Amino acid sequence: SSSSSSSSFPQNVEMRPTLRKILSDVDDTLFSSGGRFPAGIDATYKHHELYPGVLAFYKELDLGLAKSNNGEWPPHWRGNLAFLSARPHVYKDWSQAKSYKLFSQLKKSHNLHTTPTLLAGELFSSFQMFRGDFNPMAHKKAQNFFEYSSLYPEYKFVFIGDNGQGDVIAAEMILEKYSERLEGVFIHKVQKLARTPGYTDKSRAKWDDLGIMFFRTYIGASLLACKKNLISIRGLRQVASNAVKDFCKIEFSKEETRFARLQELNRDIEKCNDYLQSQGYPTVAYVAAKHVFARGTMVSTRRYGYGRVLEFRHDDGMYEILLNHPKNSRLYLLGKYLQFATTGSADDRVWTPYGTGILQAAREADGVHIVHLTKLSQLLITSTARAKALSSKRVVGGSRRHRRMSHKSSSSSSSTSGSTSWNSNRKQQVAMVAYIQPKNIQVIRAAVGDVVTSAFGQGVVQSYRRADGIYEVLIPWGNPVLHEEKEIKIREDDSRSKTGGGGGGGDGTSSSLQ
């Protein structure tokens, strides 16, 4: 008989050192109620969204300190998970059937390690809950525990609930009567402790004496359980890893909600990693925050002015910002307090290193400004002419067939560009759209080609000198006149097109200038 007994258990699995039953609440403990009364109050996750890591926590509590292959549930073991629900027996057990359907789906997907037992509530306690009295519900849950535990006198128990309704009161009742049979009480904190049903000034001291433990995430719960030797260190790491995977699969309706939950999870991961390192175990990767602003991006901090992104911390979503003023000052801010720096607004006349023009828009994705250039800078015209000359020289050295094809391509290009000319001695005759970082843009009063009024009458802006802010304005009846910015004003009826103004052609030529 000894040989048959040994052959029934795999060699890499040890028998459980203790017999344990896990009793858990459902709403706001297994999954979020979405804040839907009377199920619960937690709206931090969507309705019926499983909390990250909860199923792994159940399994590790059921495994206890037993050693198994990579934490896998041995197929010959029976699970010891039961749910204490406040939901009553209703017509044809509809409520229970719905719950078991959910459990069956979780079991088939291999996320839930066993098929649990369901201990239902009653109608009376449910009705009292609508009046704000959670004591009947707590009494019913405690009664269910007493009856259930009497069936398994050799077992010990772990209770998991939340502080939204009557679970804490139920835990107090159980501990006061059967403290030796409860190995641990874990309460999911879904609201402030002071708002816990049954709370008094002496509650916190009482909870400490009874050993009731509160947690925000199941990583935090598993850390508490590990320190009480309810789960192994390997089990702690497994719960943390599963929680990260579970979280990354959740779709949030608002980015602010996701970020708040991410920070909550990462805080407990940090505590978990400190403990893992102290025990010589590898750490768990943080949940990466959404990285919006790249290094070097100019941003507005709203309250502290403008600056440049230096670094981004993926674990907590903090950006290190080098502020423009005071010089060399550094600041750490969350992404929600930052926005892409914008220079001016749509239709503003601007100066850029590539010429003057009109600001059309700023892209929300990366903050790059789209500028319609009405006159190109001499530097851009010269560099483009050199690039074209270099390209022509390369063609001359090619084969006869290559030269013939290049000549044909050049002729075709010339026909579609109209009067385009890159001769450095002539003005560019087409509109160009440039994509420029805001740090390279300066708002000015008028762009080249604008019709302005001055003390000498109306004229057209020919150029702008950024060094001293002087405009060259061509007056129809005389030579160009130099004006300071304050001396000119754009004519109100100037309806020049944003895409074809000033410089003429407007063929939509585009250049990506970063």
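**Exercises on salt bridges and a strand sheet**

R295 is exposed, with a relative accessible area of 63%, where exposed means over 50%, buried means under 20% and partly exposed lies in between (1.4 Å probe, protein chains only). The model is a predicted one, in which local features need pLDDT of at least 70 and side-chain atom pairs count only at pLDDT 80 or more, whereas totals for chains, interfaces and linings use all residues. Residues are numbered from 1 along each chain as its sequence is written, and side-chain values use heavy atoms, with hydrogens and water left out.

**Exercise 1.** Find the salt-bridge partner of R295 and describe where the two residues lie.

*Solution.* Begin with the criterion, by which a salt bridge is a side-chain nitrogen of Lys or Arg within 4 Å of a carboxyl oxygen of Asp or Glu. R295 meets it with E311, the closest N and O atoms being 3.1 Å apart. Next, place the residues: E311 is in strand 8 (residues 306-313) and R295 in the loop between helix 10 and strand 7 (298-300), so that the pair links distant parts of the chain, 16 residues apart. Here helices (H or I, at least four residues) and strands (E, at least two) are DSSP runs, numbered from the N terminus. Finally, E311 has 37% relative accessibility and counts as partly exposed.

**Exercise 2.** Work out the strand order of the open sheet and identify its edges.

*Solution.* The sheet has 5 strands in the order 10-9-8-7-11, with antiparallel pairing, two strands being paired if DSSP finds at least two bridges between them. Strand 10 (330-334) and strand 11 (339-340) stand at the edges with a single partner strand each, so one side of each has no neighbour in the sheet. Strand 9 (residues 318-323) runs antiparallel to strand 10 and is joined to it by 5 bridges, and Y319 stands opposite L333 in strand 10.
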